[in-house]
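The following exercises concern a single protein chain. Please work through each task before reading its solution.

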Amino acid sequence: MIFPYIEPLTVEEIDVKDACLDLDVGAIKEAKFANEADRALDEAQRVAAAETERVRTAESKATTYLAVLAALVPLVITLQAATWEDKSGPAPEGLKLGIMFIATVYLAAAGYHAFRTLQVSGFQRVAESEVAAAWRTPRPLQKLARSTLLASRRSRDAVNAKVTRIKVTHQHLVRAFGAFVLLLSLDPIFYALDFVWGEIGSPVPMEVEQTNELPESRLQVPEVSTTPGTSVLEPEPTSIATTPEELSHRSDNSSPEEKGSLARNQP
């Protein structure tokens, strides 16, 4: 259950509870304790002591829980001031305010039920006047045992209500404690997430392999720049003389150095 609360009794349940109370009171009044009045009084006092111990335990826990609530108030104020002044970590402000609101609601509910536990209502006990009235009867021990049992039975509903309220107080405090732990853990969680996301998103350095290939600039053929009105002269193909007529014709038109080379090349 997200928000524990005490569900009120229906009309039928109240009628059943009242009928059970009337039945138990009638059985106590009709009981006969003449045989062992001392033992009956001891048992009655033991039942009354057990109910009193339940009340004392519930009220002691309520006092302790109220002290814990008082110690948590400065923490709530500090966290609220840090959130409003934006002095906290990277967690979203809306998320922190929402969790703080939930924790405050649980603390308020715990304090309400703790104060209701300390409220004294519907509890009965055997007082001095009833003890004195019992000793004015012929069988004082029987009278005192009957009065003690009646007081314990009539107080049972109030004791059960105190125990129920202190249980609800405990459940609210557990949820408030969990909300505060979550609130204090938000900033470290978001710091860790930022660190992890930063590590994942960072670029990985790549190793460049060195090769012996020539750079592209060395492989490119240099372009010849021309100006308007000029033409690029292409090299004319050289012809090789293969017949005797061509060789004699070249020897007549060649220089002395070329004639010497041609004479050496002739067979």
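pLDDT is the predictor's confidence in each residue, on a scale from 0 to 100. The model is predicted, so local features need pLDDT of at least 70 and side-chain atom pairs count only at pLDDT 80 or more, while totals for chains, interfaces and linings use all residues. Residues are numbered from 1 along each chain as its sequence is written, and side-chain values use heavy atoms, with hydrogens and water left out.

**Exercise 1. Determine where confidence is lowest and where it is highest in the chain.**

Step 1. The chain has an average pLDDT of 78, and 73% of the residues score at least 70.

Step 2. Confidence is lowest in helix H6 (residues 216–219), with a mean of 48, and highest in helix H1 (residues 11–30), at 92.

Step 3. Residues 230–235 have a pLDDT below 50, and this stretch has 1 contact (heavy atoms within 4.5 Å) beyond near neighbours in sequence. Over residues 261–267 the pLDDT also stays under 50, with 4 contacts beyond four places in sequence.

Step 4. Where pLDDT is low, the predicted coordinates should not be read in detail.

**Exercise 2. Describe the secondary structure of the chain and the separation of its contacts.**

Step 1. Helices (H or I, at least four residues) and strands (E, at least two) are DSSP runs, numbered from the N terminus.

Step 2. On this basis the chain has 8 helices and 0 strands.

Step 3. Of the contacts with a separation of 6 or more, 81% join residues 24 or more positions apart.

**Exercise 3. Is Pro188 buried, partly exposed or exposed?**

Step 1. Buried means under 20% relative accessible area, exposed over 50%, and partly exposed in between (1.4 Å probe, protein chains only).

Step 2. Pro188 lies in helix H5 (residues 140–201). Its relative accessible area is 48%, so Pro188 is partly exposed.

Step 3. Ala91 is 97 residues from Pro188 in sequence, yet the C-alpha to C-alpha distance is 8.6 Å.

Step 4. For the chain as a whole, buried residues make up 25% of the 267 residues.

**Exercise 4. Which residues lie nearest the centre of the largest pocket, and which elements line it?**

Step 1. A pocket is an open set of points, on a 1 Å grid over the protein atoms alone, where a 1.4 Å probe fits, with protein on both sides within 12 Å along at least five of seven lines; lining residues have an atom within 4 Å of a point.

Step 2. The largest pocket is lined by 13 residues, and Ile6, Glu7, Leu9, Ala161 and Thr164 lie nearest its centre.

Step 3. Helix H3 (93–118) and H5 are the elements that give two or more residues to this lining. H5 provides the largest share, 5 residues.
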